[in-house]
Amino acid sequence: MRIGTRKIGAVAAAAGAAALVAWAGTALARSEPTASAAGAKTPVKVGLVTDIGQLNDRGFNHLAYVGVQRAAKQLGATYHVAESTSSADYVPNLALFARQHYDLVVGVGFTEIQAMGAVAAKFPQTHFAIVDVSNADLKGMPKNVLGLLFREQDVGYLAGYLAALEEKRRPGADVIGSVGGQRQPPVDRFIAGYQAGARRADPMIKTLNGYSQDFVAQDKCKEVALGQIAQGAGVVFQVAGGCGLGALDAAKEKHVWGVGVDADQSFLGAHILTSATKRVDTAVFAAIKQVAGGAFRGGRDAIYGLKQHGVGLGKISPKVPKADVAAVKRIEAQIVSGKIRNIPTVVK
């Protein structure tokens, strides 16, 4: 694992519950102080623990880091980041920040669910937040943990609706694909919404879905995407973090549309139709602000949807007809108003 304001040299990691004891006397390396807000008496200390995708995933780990940086700038918070190199790092990374009396420890991603449950129980006086995990799904529903959840199905629906509109313009059968990293609730909410939105726009469309079982290795996602494109998919939606960049590369290589995830990935090129974004940065910043203001309340979830501007489409390709953009806007308004409800969250 790597720990620091951005990165500090490697530290030997231990796995499992035993790591809570093993790390008891470990001192956290100091970082350069961040800017403090004028008049701030005691800056909030924040520890951010990435999943194995680390900060260069161009997705939700990076966005969580953006939220922490915003807190440093606007609230005078200080922070360290622990970049996990394997799942064995999760417990020691979370525990180290807790033992160092950080005001808030943030875990990024569903894969940290077991580690967060174990560490939160060990340190009941420490405030924790975890991205993509419901407090109700943590063992014992710890009162010191805030779940940061998103209505991925809402933005998935919009991405699928747009994907189907563009696929209908191609000759031949209408087929779209999606590539998930693993079958996890946040991944499947994106995909289930995507498939439902596509069927709303085109009831006859065929939806393909596969899982790479990886969130890092781009070649694995590329292989799944190439298989879907070979079956006629004209749009591929990646829901696999850094691995998913391989799926988008396959879309570019085969001259079909790609749909990004978490962050706006339009910077990757003209083959990006749009991105299903979720504002992990906004959620993380809000949690830090609650701690800074003495208003943190764990034992629950903070849920971000279209209404809260927690999810939404990124830049839509300028090649998309204005009529299709307008149609997507109408669908978005119907979701926000409640006219469209009960969007699926489970991939069948």
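How many salt bridges does the structure hold? I looked this up first. The structure, a predicted model, holds twelve salt bridges. I then went through a few of them.

Entry on Glu152 and Lys278. I found that Glu152 forms a salt bridge with Lys278, with 2.8 Å between the closest N and O atoms. I checked where the two sit: Glu152 is in helix H5 (residues 152–168) and Lys278 is in strand S11 (residues 272–278). They are 126 residues apart, so I noted the pair as a link between distant parts of the chain. Are these two residues buried or exposed? Both Glu152 and Lys278 are buried.

Entry on Asp324 and Arg169. I found these side chains meeting in a salt bridge, at 3.0 Å from N to O. This pair also links distant parts of the chain, its members being 155 residues apart. I placed Asp324 in helix H10 (residues 322–337) and Arg169 in the loop between H5 and strand S7 (175–180). I looked up the accessibility of Asp324 and got a relative accessible area of 7%. That is under 20%, which means Asp324 counts as buried.

Entry on Asp281 and Arg279. I found their side chains in a salt bridge, 2.9 Å from N to O. Asp281 is buried, with a relative accessible area of 10%. Arg279 has a relative accessible area of 35% and is partly exposed.

Entry on shared partners. Which residues do salt bridges with shared partners join into one network? I listed Asp132, Glu152, Arg189 and Lys278. Glu152 and Lys278 are the pair from my entry on helix H5 and strand S11.

Note on methods:
Residues are numbered from 1 along each chain as its sequence is written. This is a predicted model: local features need pLDDT of at least 70, side-chain atom pairs count only at pLDDT 80 or more; totals for chains, interfaces and linings use all residues. Side-chain values use heavy atoms; hydrogens and water are left out. A salt bridge is a side-chain nitrogen of Lys or Arg within 4 Å of a carboxyl oxygen of Asp or Glu. Helices (H or I, at least four residues) and strands (E, at least two) are DSSP runs, numbered from the N terminus. Buried means under 20% relative accessible area, exposed over 50%, partly exposed in between (1.4 Å probe, protein chains only).
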